[in-house]
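Please find below some notes for a colleague who is meeting this structure for the first time. They take up its packing, its aromatic rings and its backbone in turn.

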Amino acid sequence: MGSNVSSVHDVHSSVGTKNAMAVEIESRRQWRSLFDSMKGSNNLLVIDFTAAWCGPCKAMEPRVKEIASKYSDVVFARVDVDKLMDVAATYKAITLPAFVFVKRGEEIDRVVGAKPVELVNKIEKHSV
């Protein structure tokens, strides 16, 4: 795991702190724990839907890490659509990469495709 990636166990202590949060989601249980912890928070959750075979997803990965490091109040969750198909299906993440913005458990916006400028603009809009 990279320096900007935390385990789900760090979520409760890190949400709302000055540390950037990027969580690699490895299981449904981990997803549920993160999602449930965010429902009671006014912080923005950005779900980064990706896949190992997706070239644009790989190209966006370093950009997402860079963006995550600049927004300490935003939690970034990376979800592999092949590992967690049910989560991807819930958010209809068909075209990749897909970034779904969630606040208090509800989807409020999304960016589809490798569009770092649009991603930053929507983070700025919704992280207030």
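1. Leucine 45 is in contact, meaning heavy atoms within 4.5 Å, with Trp31, Leu34, Met38, Val75, Ala77, Val100, Phe101 and Val102, leaving aside residues up to four places away in sequence. The model is a predicted one, in which local features need pLDDT of at least 70 and side-chain atom pairs count only at pLDDT 80 or more, while totals for chains, interfaces and linings use all residues. Residues are numbered from 1 along each chain as its sequence is written, and side-chain values use heavy atoms, with hydrogens and water left out.

2. Leu45 belongs to the largest nonpolar core, which has 26 residues. Such a core is a set of buried Ala, Val, Leu, Ile, Met, Phe, Trp, Tyr and Cys residues joined through side-chain atoms within 4.5 Å. Buried means under 20% relative accessible area, exposed over 50%, and partly exposed in between, with a 1.4 Å probe and protein chains only. The residues with the most contacts inside this core are Ile25, Trp31, Leu45, Ile47, Phe49, Val79 and Tyr91.

3. At least two residues of this core come from each of β2 (21–25), α2 (28–39), β3 (44–50), β4 (74–80), α4 (85–90) and β5 (98–103). Helices (H or I, at least four residues) and strands (E, at least two) are DSSP runs, numbered from the N terminus. The most is given by α2, with four residues. Another core, of 15 residues, lies apart from this one; among its members are Val46, Met60, Ala68 and Val74.

4. Which residues of helix α5 (residues 116–126) are buried? They are Pro116, Leu119, Lys122, Ile123 and His126. Seen down the axis of α5, they fall within an arc of 130 degrees, so they line one face of the helix; the arc is that of the directions from the helix axis to the C-beta atoms. These buried residues pack against β3, α3 (55–70), β4, β5 and β6 (106–112). The exposed residues Val117 and Lys125 are carried on the face turned away from the buried side.

5. Rings of Phe, Tyr and Trp (its six-membered ring) pair if their centres lie within 6.5 Å; planes under 30 degrees apart count as stacked, over 60 as edge-to-face and the rest as tilted. By this rule there are three aromatic pairs. Tryptophan 31 and phenylalanine 35 form a tilted pair, with 5.5 Å centre to centre and 35 degrees between the planes. The two are four residues apart in helix α2, and therefore separated by about one helical turn. Tryptophan 31 is buried at a relative accessible area of 6%, and phenylalanine 35 is buried at 8%.

6. The pair of tryptophan 31 and tyrosine 91 is edge-to-face, because the ring centres are 6.3 Å apart and the planes are at 85 degrees. Tryptophan 31 lies in helix α2 and tyrosine 91 in the loop between α4 and β5, so this pair ties together parts that are 60 residues apart in sequence. One aromatic cluster is formed by Trp31, Phe35, Phe49 and Tyr91.

7. Most residues other than glycine have a negative phi, and most peptide bonds are trans. In the loop between α4 and β5, lysine 92 has a positive phi of about 50 degrees although it is not a glycine. Lysine 92 is exposed, at 61% relative accessibility. Proline 97 is found in the loop between α4 and β5, and the peptide bond from leucine 96 to proline 97 is cis, with omega near -10 degrees.
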